[in-house]
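Subject: Structure handover

Hello,

Here is the structure you asked about. My notes on what was found in it follow below.

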Amino acid sequence: MITIEPEKIHKALSDLRAEGYDFLRSLTGMDWGEEGLGVVYHLEKTTTGENKVIKTITANRENPELPSVCDLWKAAEFNEREAYDFFGIHFIGHPDMRRLYLREDWVGHPFRKDYDDSLNPLRMTNEEPDDVTHHYEELPDGSVIEKRDVLFDEDEYIINIGPQHPATHGVLRFRVSLEGEIIKKLDVHCGYIHRGVEKMCESLTYPQTLALTDRLDYLGAHQNRHALCMCIEKAMGIEVSDRVQYIRTIMDELQRIDSHLLFFSCLCMDLGALTAFFYGFRDREKILDIFEATTGGRLIQNYNTIGGVQYDIAPDFVQKVKEFIAYLRPMLKEYHEVFTGNVIAHGRLDGVGILSREDAISFGATGGTGRASGWACDVRKRHPYAMYGKVDFKEIVRTEGDCFARYMVRMEEILESMHIIEQLIDNIPEGPFQEKTKAIIKVPEGSYYAAVEGSRGEFGVFLESRGDKHPYRLKFRSTGLPLVSIMETVCRGAKIADLIAIGGTVDYVVPDIDR
Amino acid sequence: MEIKKPTIKSIPYEEFKNNEYLEDMVKQLNENGANVWMGCMDDLINWGRSNSLWPLTFATSCCGIEFMAVGAARYDFARFGFEVARASPRQADMIMVAGTITHKMAPVLKRLYDQMADPKYVIAVGGCAISGGPFKKSYHVLNGVDKILPVDVYIPGCPPRPEALLYGMMQLQRKVKLEKFFGGVNRKEEKK
Amino acid sequence: MFDFSIVTQWIHSLLTSFLPEEVAVFIECLAIGVCILLAYAIIAIIMIFMERKVCAAFQCRLGPMRVGPWGTIQVFADVFKMLIKEIIAIRHSDKFLYNLAPYIVILASIMAFSCLPFSKGMEVLDFNVGIFFLTAASSIGVVGILLAGWSSNNKYSLIGAMRSGAQMISYELSMGLSLLTIIVLTDTMQLSEIVERQADGWFIFKGHIPAFIAFVIYLIAGNAEVNRGPFDLPEAESELTAGYHTEYSGMHFGLFYVAEFVNLFIIAGVAATIFLGGWMPLHINGLDGFNTVMDYIPGFVWFFGKAFFVVWILMWFKWTFPRLRIDQILTLEWKYLVPIGLLNLLLMVIIVVFDLHF
């Protein structure tokens, strides 16, 4: 980790950007107590896969100011708003310095170590929609001024989609300015399910933190937990047995199939093809049965633990998985017959919501969305973990970048996942399913980052430890936040019906965005 | 006329838990007696209401997926007549608060509830809606939806299984069967 | 074939035997009104139940099962609930129009419903411009929908209403064209007469190619006319929550809901009457024994059988296809269906002029 002074950080980062570090993996706000507040940047070169971690720190706790890097990576836009929301760091040059998650009338910044919760009782007043925002600008003499910007004019026709809306997949809120049916502007409001998971983790022991990751992106519960376990194991130097690696990989892939089936179902429902929704759910139940037999949980499994998995696999696990794979292949054909080949489905998805490759990288939109735009961003290939280095599978990449490509990428990934499982399922080696760990787990001092390919993108865990039994700071790189941040770019000029199709194919899960 | 214990078709009365609570309600209803005509009308109305509980499509997190699973092919709550999930609160009869309610969401939820037309019922699904669940200590999570809405049925679990959701819905049906529409008012809100 | 007009004649003569003519007619009107409303309600209930069961069957589910045997009285429970559900008055809405809108929709639907010939001699409104009246009456419904969207003071409702206005008025055109194609063949607009002309063969067979094309266009346009999937944009659940009736609760919403289903039945009924011979049994030339057997089946069974068959096809559409987008809907209508309809009309004229039909 390289530390750079705040005065020089923008210059240093733009040099790195010019050098080819075009993917901002994660931008983490930090509170280092006495030392001050700061930001940690995780950068990656998409061409070579090289990584760099940069840190910057400002000692001013009263009025911390850092330069914005929005002009270098578009992904910074939402992440810096998040850092402002949580730590109160003002980013100079950021065009829209509003809070991202919390209400505008929230007092203080909750992730600061000196935050006082008693100032924020439950407010039952309705939140007034704010049509203005502000940004900070640095004048030539070095002083910083606040300027106001208008988001929506008074005479614009704004409709509010969400937080309770059948097509937002949870409690996301869009404010959309319309011209007839065409979207002129779109403003995303997050935070309706902001549960403060990262902050809570700071007061929980490591095994306790595991439970919360499952509930972030509940359709990638297993993968999320895998990432956190991997991060802690990496930090503590625990080597898990091959058996565990096999089980984790198979479970991850089953989870991916589960998530993609749900994606298919929900997309069809959003586009009005209700029958396909039921087909997807019917087959998804079979995966849940397999999960339930081994882990005891249907949706949320709580299966990975530090150093292994909770229980050994169920006796009929291997047979059930094989049966399921044999069952699913013809079903996928049926899906394609019911939905993919349909002329209306093509009309709704083809050429709608095009995301260019540059934008995908700049926004950090990983997962199926990025791969549909031609960016080979699969963590399983970029930084192989578990068994992925040893199995043979194809990374599905398409170049169109439209809704149909995003849809097809996921449908084809189901096939690849089945292919991976088939390679592993017959030769799960014998061995312990759980390494012995100490009763109280203390992670050695330092900062660690681990990432897995979640169901909808790179799910990363950034852990900073001070050697306690609690993490000092635990940040989850949300898979959904970059996906939501592309909405404005992608939806502009589209129709309302397209917004639904785009939202469906981008496939975000709201609790994962809000954390 | 006497008000009978609420039953559900082809499920024995004893299979349900929390019967004492409903028996209390029966006793309360029987205290002053009821006009036969009004009693019959009430029975008819309650039969209609209890068999036609249309849920609002509302879910904030994990429990919402299980809620969808209840609607899907294997569990199929359409069997009970619940399948007409309405997206507009005006047309819904019950709200299943499925998932964590945060401070930012709480006023929105209250507003949704206020927008619903009477009679309306609330089911708190999952640990988060009941008490805050695993996020109880968070700075931004409402510890129990009953702080802002009158809850009729609690369904514990994290998330509850679809069977549990069906059970909870049946419990709500039984509760709806113990109401008076013509013959006076029961279940008055306690004055504070 | 039993002629129902014997019954009506008998009632009329019975009443006039002890009442002055005017009073008798008045009483008959009342009785018919009650019958129509009753039939309307029963059809609505059957349609709703059918919809729920049919979609359940497509979706590998069971559908309503618990209320009554096979869930048969499920819809009655819904009706009881709906009748006593609160009707919310919306602030800042146009109260008069807001309350009027559902009644306009239901009125248009009932008027169109009364035009259907259910059996021989069992027509309520039957005069020489029957089809014309039917299309005119059914298109009043769009006014109700527009009013509902406008008066609710809700942006979703307004967008839904605008969409439905654009959609319904456009599709009226190709619906009219396809009906016109058959009228060219029959040279009458009277519905009972149209059915009578099909005694020796249904029009879909008699008019062969153009009649079949007209039938397909009619089904598509009719489906769009009643705002059902894949044309359910005005109430597109996943886009506009509930479209033009977002703000309606209780029985006001119930009226929209019922009207939607009965309109579907009317579309199917008209299709059955005009293309599939209405209450006319299936006759095959030369097979006299078969024809006599077919004649024993009463007319209303034929009519409802055909109508529900068409309803079933339309439900199949709805539960299979995804929803179209507004521009695609209008493209489909103005760039494809209307030109095809016009050409088809021309083709039919040629066929009629040169007497090429059966």
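Between chain A and chain C, nine residue pairs are in polar contact, both residues being at pLDDT 80 or more. A polar contact is a pair of N or O atoms within 3.5 Å; within protein, one must be able to donate a hydrogen and the other to accept it, and residues adjacent in sequence count only if both atoms are side-chain atoms. On the chain A side, strand S9 (157–161), helix H6 (242–270), H7, helix H9 (343–349) and helix H16 (496–506) each supply at least two of the residues that touch chain C. Helices (H or I, at least four residues) and strands (E, at least two) are DSSP runs, numbered from the N terminus. The residues on this side of chain A divide into 20 nonpolar, seven polar and six charged. Here Ala, Val, Leu, Ile, Met, Phe, Trp, Tyr, Cys and Pro count as nonpolar, Asp, Glu, Lys and Arg as charged, and the others, Gly among them, as polar.

This is a predicted model: local features need pLDDT of at least 70, side-chain atom pairs count only at pLDDT 80 or more, and totals for chains, interfaces and linings use all residues. Residues are numbered from 1 along each chain as its sequence is written, chains are lettered from A and ligands numbered from 1 in the order in which they are written, and side-chain values use heavy atoms, with hydrogens and water left out.

The contact between the two chains involves 33 residues from chain A and 25 residues from chain C, where contact means heavy atoms within 4.5 Å. Together, chain A and chain C bury about 2,500 Å², 59% of it on carbon and sulfur atoms. Buried area is the accessible area (1.4 Å probe) that two parts lose on being put together, summed over both.

Three salt bridges are found across the interface of chain A and chain C. A salt bridge is a side-chain nitrogen of Lys or Arg within 4 Å of a carboxyl oxygen of Asp or Glu. Arg325(C) forms a salt bridge with Asp498(A), with 2.8 Å between the closest N and O atoms.

The whole structure has 67 salt bridges over all chains. In one of them, Arg99(A) pairs with Asp85(A), the closest N and O atoms being 2.7 Å apart. Arg99(A) is in the loop between strand S6 (90–92) and strand S7 (132–138) of chain A and Asp85(A) is in helix H2 (residues 76–87) of chain A, so the pair ties together parts that are 14 residues apart in sequence. Arg99(A) counts as buried at 9% relative accessibility, and Asp85(A) counts as buried at 0%. Buried means under 20% relative accessible area, exposed over 50%, and partly exposed in between (1.4 Å probe, protein chains only).

Another salt bridge links Arg161(B) and Glu292(A) (2.2 Å, N to O). Arg161(B) lies in the loop between strand S3 (153–155) and helix H6 (162–176) of chain B and Glu292(A) in helix H7 (residues 274–295) of chain A, so this pair joins two chains. Arg161(B) is partly exposed at 29%, and Glu292(A) is partly exposed at 23%.

Some backbone details remain. A cis peptide bond, with omega about -5 degrees, joins Asp118(B) and Pro119(B). Trp70(C), a residue other than glycine, has a positive phi near 55 degrees; Trp70(C) is exposed, with a relative accessible area of 59%.

Regards
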